Each structure stands twice: as structure tokens, then as C-alpha cells.
Amino acid sequence: MDQPRRRRASAALGPARVWHYARAALALITGVAFLVGGFAVFRVWSAVHTISPRAQPADLITLVHAQKDEPGSLAWKIKHEERINILLLGYGGPGHDGPYLTDSIMLLSIRPAMREAIMISLPRDLWVKIPALPRNGYLMGKLNNAYAIGTDHKNYPNVRSDWKTDTGGGDLAAATVSQVTGQPIDYWVGVDFKAFRDVVNALGGVRIDVPTALDDPYFPAGESTGRMHIRIAAGWQQFDGERALAYARSRETTSDFDRSRRQQLVMLAVRQRVLSLNAIPRMLSLLSALQDNVRTNLRPGDMQQLADLAGRIQDQDIHRVAIDTSNLLRSGYSSSGQYILQPLDPTYIALHRYVAMALPDRVTVAARVPFQLQDGSRRYWLPYGIGTPASIMTALLQSEGWTAMLGPASPRLLARTEIRDGSGGSAAATVAWLQGYFDGALVVTVPAPTSGPAVTVVLGSDFTLKTFPAPSRR
């Protein structure tokens, strides 16, 4: 069309017609934008709901608006300074033997007001009652089976209806760990090996100060039956996702207990890297990749609040302990010949008390009042070579941050545990905590010693008979 005819056609349309077409074009562009934006929101929501099946569409609003602190909610617990318990579970995932058997079982317990936390590793071979069946029925099995029983509905069709849900695996694992530790489990997160690798790689790797060199020629090569040789020197090391996973999983040349401690180091390194990079937004970009490999009962707003809370806790205020055969467990075999671990105290009271008091008042601990523990009883049973009641309790209390030390055996045997206080009242808070821990201990005021700690705990048979009893004969 020549120029004069074009001008005549435009003039014929008139201003009203031009505006009409402009509005139509704008509406089309806006519609496409909303469609693309809506598709993006749908993708994010789909990934969020897969990872967190309990999430609701309204939860996405809590990511930009403050969450209501309804009773029992995470916000409510933080506001009212209640302890928060989170169960962390690691498993192989599809393509591995026993894909939902949890290799890593870790309880992270946080005191929001004190801004302190403790990581307690529990061994996968612990022989427990798994409350899987209707009418309060249970299955006896290893602790690492709980998540699998609640996840694999095909092979475990007779479980309680509570576990026949999208969160059944984590819910059953949480219920089982709650029985073992005596603590309510507020939240849980299950992560398979692929998700772990992806997260570490997305962070650009992590740095870990390796305390002891690792040399394992028998590490599984991928998802095959082959083996590969991994060597990791002591000292500061940079790990990508694959190498961090190998460091956390290796056990053929060490032990499950050593592996638990390495897993704690890796978890702390990931936390440090996330905080140093302010990497939470980066994690959101991984949602689609992770949605088939992560499950949790946390909702989006809870995740954000937990991340904020974690960022306010200093590394030195995170304590680490592994429950194993060096303290409260013993090894053995089930009736079917499986290698298992069992508590020295079959009632679990000793473990419950330790976990319940595992986050003492930081001000009292920070006073760093030294005290010693002495053996004042011969009435106990322990496997050969792991120490005495006083040495075990010294190590456990040190893990919580106390300035505890092992003293010489008491020359006098006691039926009742004594706390001998020679501090002149300056250690009153520490003595009060010790009396609460060693329930029923008698506090005796003594003259200040000429050397050594002013406070001494002498373990009597009232404590040792309950905590380290001889195994029952069947």
C-alpha cells in the first residue's frame, strides 16, 4: 500500500478505533503476562506442595506477611520461648537398596530464647518398638525402618491410617523417635542422597575441618554393586556434593558412630554456608529439582521462621552428641540374628533424662564452674572396655558444654548420690542443675578444697543401678 492510501486508512479508523485496538493489544499482553506469571506460581506451588504436603495455598502469603502465632504453632513456640524439636532424616532414595531406610537420624533441639541448640545423633541399628499398627500395636525393628514402613504403603499395607498419608513416613519416624527420646517431635525433614548433593552443589560446596583422615576402599560406586576408593585427608577440605555425601556415608573402615559425628560436621558446614551466602532465595530456585527428593511436615512460613531462628544461633552455641555404645547403648543380636543396639537402661529413663536436660540455661553453663564426677558405687554393669559410670557421665555432660572432669574413685561407697559443694555458695546455680539431673542427689556442704574443683558429684548405687543395670537373662 502506498503512503497516501495508508494515511487514508488510518484516518478512516479514527481515534476511537485506534484506542480500541491498543486496548485489545494491551489486554492480550497483560493476559499473556498473567498466564506466564500464573504458570510460574503454579510451578512453585506444585513443588512446595510436593515437598510439604501439608502446605495450603494461603501459606505462600506467609512468605511475605507475618505468620499468625496460634497456640502450638512455630511462631507461638518462639514467642513463648518453648523448646523446638526437629527430626532430620537421610535416606538413599529410589535406585538404592532399601531406598527409604534412614542412614542418618538426627534430633535437632533448639531453645529460642537462649539461642542455643543441640544435635543428637541416634543410631540406625537401635532396636525399638515402632508404633505402626492399629489399636496401639507395634512392630519390633531397627529405628531406620520406621520411615520406610510409613512410606512404603505397598509392602506395609496394614499400618495405622495415620501413616497412610503423604507424610506417613516422617510422621511414623517422628512418633518412634519421640518414644526413644521422651521428647515431642514438632517437625521433621527427610532428604535423600540426590537432594543432598544438589543442595551442596547449589551452595558452591562446603568447607569442613576434617578431624581425622578417612581412607575407605569399599565405598559404593554410585548405584551399582561396584566399589570405589575414597581418601580424605585431615584438616580443612573443600567438598562438592558428591564428596560431602561420601564423607557423611562412609562406614566400612570406621563405624556407624564415627559416621554420626561426621554427619553432624557436614550439617554444620551446610548451615554455615547457607548463612554466609544468605542462600535461602537460592534454595527456592531448587524447588523443582528437589521436589521428588525432599519431604517435610514444615509449612512454608515455618521454614522461613526456622531459617531466621537458625541464623541467630552462633556456632559455639550448637552442641553435638552421639548416643552410642560409648555411653548409653550396648550391642547385641535380635532373635532372628540381626546385629542390633539396645539401651543399657531398658526403660529408657536415663536417655529421656539426658535429652530432657540437654539444653541447660546458657548463663549457668557460661559461668564455667568446674566440677568433677567420681565413682562411688560398684553396683552397675557395663560392657568391657568402655569405662565407668563416672567417665561416661563426664563425657555426656561435656557434650552439653559443662566444665566437667573425671575425678578419682571415691574411697567410700555410697547408696545415694551426693553432690559435695565446697564453693561457699558461688556455684549455687550449677549445683541446683546437677541436683535436678541426678534426681534425689543429696547436697552436702563441705569446706573449700585446697586444690581441684569446688564441686564434686559422687555417683551412688541409686543412680548406677538404674542407669547401667545388668542385662536381664531370658
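Reply: Let's begin with what an axis is here: a line fitted to C-alpha atoms, for helices over the stretch in contact, with angles running from 0 to 180 degrees between N-to-C directions. Keep in mind that you're looking at a predicted model.

Now find helix α4, residues 168-181, and helix α11, residues 349-356. Their axes are 7 Å apart, and the two pack at an angle of about 100 degrees. Angles from 65 to 115 degrees count as roughly perpendicular, so α4 is roughly perpendicular to α11. On the α4 side, the residues that meet the partner helix are Q179, V180 and T181, while α11 brings L351, H352 and V355. Sorted by class, this contact has 3 nonpolar residues, 3 polar ones and no charged ones.

Next, hop over to strand β2, residues 102-111, where you'll find S109. S109 counts as buried because its relative accessibility is 0%. The side chain of S109 makes a polar contact of 2.5 Å with the side chain of N85. Leaving out residues up to four places away in sequence, S109 also touches R83, I84, E116, A117, I118 and L359, among others.

Last stop, the nonpolar cores. The largest has 64 residues, and the members touching the most others are L87, L373 and F438. Zoom in on F438: beyond four places in sequence, its contacts are L373, L397, T417, V457, L459 and F463. There's also a second, separate core of 44 residues, including M106, L108, V199 and L298.

Terms used
Residues are numbered from 1 along each chain as its sequence is written. This is a predicted model: local features need pLDDT of at least 70, side-chain atom pairs count only at pLDDT 80 or more; totals for chains, interfaces and linings use all residues. Side-chain values use heavy atoms; hydrogens and water are left out. A nonpolar core is a set of buried Ala, Val, Leu, Ile, Met, Phe, Trp, Tyr and Cys residues joined through side-chain atoms within 4.5 Å. Buried means under 20% relative accessible area, exposed over 50%, partly exposed in between (1.4 Å probe, protein chains only). Contact means heavy atoms within 4.5 Å. Helices (H or I, at least four residues) and strands (E, at least two) are DSSP runs, numbered from the N terminus. A polar contact is a pair of N or O atoms within 3.5 Å; within protein, one must be able to donate a hydrogen and the other to accept it, and residues adjacent in sequence count only if both atoms are side-chain atoms. Angles under 35 degrees count as roughly parallel, over 145 as roughly antiparallel, 65 to 115 as roughly perpendicular and the rest as oblique. Ala, Val, Leu, Ile, Met, Phe, Trp, Tyr, Cys and Pro count as nonpolar, Asp, Glu, Lys and Arg as charged, and the others, Gly among them, as polar.
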